[in-house]
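Subject: Structure for your review

Dear colleague,

Please find below the structure that I am handing over to you. I would ask you to keep it open beside this message as you read.

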Amino acid sequence: MELLQLQYFLAVARLEHVTEAARSLHVTQSSLSKTIQRLEEDLGVPLFDRTGRKLRLNEFGSRFLRRAERALFELEQGKQELSDLSSPEHGTIELAVTNASKLPNILREFRKKHPHIQFHVQMLTTQEMVTLLHRGEVDFCLSSPPIQGDDIECQIVYYDPILVAVPKGHRLADRSSVSLTELKDEWFVGVKRGYLTRDLVDSVCKSAGFTPKYVYEGNEPARLSALVEAEIGIGFIPSTARNPREDIHYLQVEDHELVREIALLWHKSRYISRAALEFREVVVEYFETLSKLFNTEEKLS
């Protein structure tokens with residue numbers, strides 16, 4: 001059995017299509033098909049059920065996939081470890097985030113200490129994160145909500161209060177806090193259902209006796225502050241997404257717990273380089289400082 005056979009098998013197993021797998025591997029379809037056929041001959045069983053160029057893993061293939069992923073995972077970790085030992089101040093940290101609002105500040109802090117370390121950042125859904133974490137293809141994920149799993153370490157780094165954002169001329173703009181019941185007749189701008197913040201807000205508002213009326217529902221959280229500033233509606237915006245350059249006033253919510261958790265995630269068995277370990281320290285320290293600043297602002301208000 002050859003390493004190349006395992007790599008080709010993983011590509012076909014994940015895409016379940018010969019043409020797409022060949023394209024992703026930059027090889028011909030005939031070469032890919034022959035390699036998979038040789039692997040099946042070596043194993044003595046078929047790994048796929050075939051319909052034209054489409055393939056679907058059968059029971060043999062599903063069982064072998066788990067073993068093949070584990071084997072290639074360990075080889076990749078060995079490669080990463082040797083690279084770290086030979087050149088600790090160079091390399092790339094693989095990151096995935098569900099929201100990038102504070103990531104530039106974190107990367108800036110880390111770059112001051114390690115100017116030669118590169119980053120590759122992906123904006124993903126939580127399900128996409130789970131897939132990459134299980135495969136060991138990312139060093140760290142910053143996720144809200146947290147993700148639990150047998151092979152996933154999950155460290156809550158910040159409890160992010162969700163604030164009420166109103167334009168400066170709004171009737172509540174001279175207040176520092178507001179009860180949810182005072183908002184029942186307001187029009188809101190927000191993200192669509194399915195986003196953590198939206199679902200959390202709707203649930204808490206329902207417990208307060210009303211359903212928010214949305215004049216705008218989108219899939220770009222960063223756009224909400226501009227809509228609030230334009231007086232289209234008021235919004236619920238996490239404290240980490242505040243934009244001090246915009247003409248918006250933020251109020252804390254009284255009497256109800258309206259907080260989202262931000263977590264740092266990593267694979268329990270993935271090799272973590274020295275630079276990546278220091279990156280984790282920078283993330284934790286950054287959010288600890290952010291928490292102290294928010295608590296100070298809360299006391300002053």
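What follows is an account of the findings, grouped by topic.

The model is a predicted one, in which local features need pLDDT of at least 70 and side-chain atom pairs count only at pLDDT 80 or more, while totals for chains, interfaces and linings use all residues. Residues are numbered from 1 along each chain as its sequence is written, and side-chain values use heavy atoms, with hydrogens and water left out.

Some terms come first. Helices (H or I, at least four residues) and strands (E, at least two) are DSSP runs, numbered from the N terminus. A residue is called buried under 20% relative accessible area, exposed over 50%, and partly exposed in between (1.4 Å probe, protein chains only). Accessible areas come from the Shrake-Rupley method with a 1.4 Å probe, and for residues only the protein chains shown count as cover.

Salt bridges

Side chains of opposite charge can pair when their charged atoms come close. A salt bridge is defined here as a side-chain nitrogen of Lys or Arg within 4 Å of a carboxyl oxygen of Asp or Glu. The structure holds 15 of these salt bridges.

One of them joins Arg14 to Glu137, with the closest N and O atoms 3.5 Å apart. Arg14 lies in helix α1 (residues 3–15) and Glu137 in the loop between α6 (126–135) and β5 (140–143), so this pair ties together parts that are 123 residues apart in sequence. Arg14 is partly exposed, at a relative accessible area of 33%, and Glu137 is partly exposed at 34%.

A further salt bridge is formed by Arg56 and Glu16, whose closest N and O atoms are 3.6 Å apart. Here too distant parts of the chain are linked: Arg56 is in strand β2 (residues 54–57) and Glu16 in the loop between α1 and α2 (18–25), 40 residues apart. Arg56 is exposed, with a relative accessible area of 55%, whereas Glu16 is partly exposed, with 24%.

Within helix α5, Lys112 and Glu109 are three residues apart, which means that about one helical turn separates them. They form a salt bridge whose closest N and O atoms are 3.2 Å apart. Lys112 is exposed, with a relative accessible area of 59%, and Glu109 is partly exposed, with 34%. Elsewhere, salt bridges that share partners join Arg14, Glu69 and Glu137 into one network.

The buried side of helix α5

Which residues of helix α5 (residues 103–113) are buried? They are Leu103, Ile106, Leu107 and Phe110. These residues lie on the same side of α5 because they cover an arc of only 95° around the axis. The arc is that of the directions from the helix axis to the C-beta atoms.

Surface patches

Patches are made of residues with over 30% relative accessible area and no salt bridge; like charges are joined within 9 Å, and nonpolar side chains (Val, Leu, Ile, Met, Phe, Trp, Tyr) within 5 Å. For charge, Lys and Arg count as positive and Asp and Glu as negative, while His and the chain ends are not counted. The place of a charge is taken as NZ of Lys, CZ of Arg, CG of Asp or CD of Glu.

A patch of negative charge on the surface gathers Glu278, Glu281, Glu285 and Glu288. Glu285 lies in helix α9 (residues 274–300) and counts as partly exposed, at 42% relative accessibility.

Trp187, Val215 and Ile232 make a nonpolar surface patch of about 300 Å². Val215 belongs to strand β9 (residues 213–218) and is partly exposed, at 46% relative accessibility.

Backbone features

Where is the cis peptide bond? It runs from Ser144 to Pro145, with omega near 15°. Pro145 lies in the loop between β5 and β6 (152–167).

Glu231 has a positive phi of about 65° although it is not a glycine. This residue is in the loop between α8 (224–229) and β10 (235–238), and it is exposed, at 58% relative accessibility. Asp255, also not a glycine, has a positive phi of about 70°. Asp255 sits in the loop between β11 (248–254) and β12 (259–267) and counts as exposed, at 70% relative accessibility.

Yours sincerely,
A colleague
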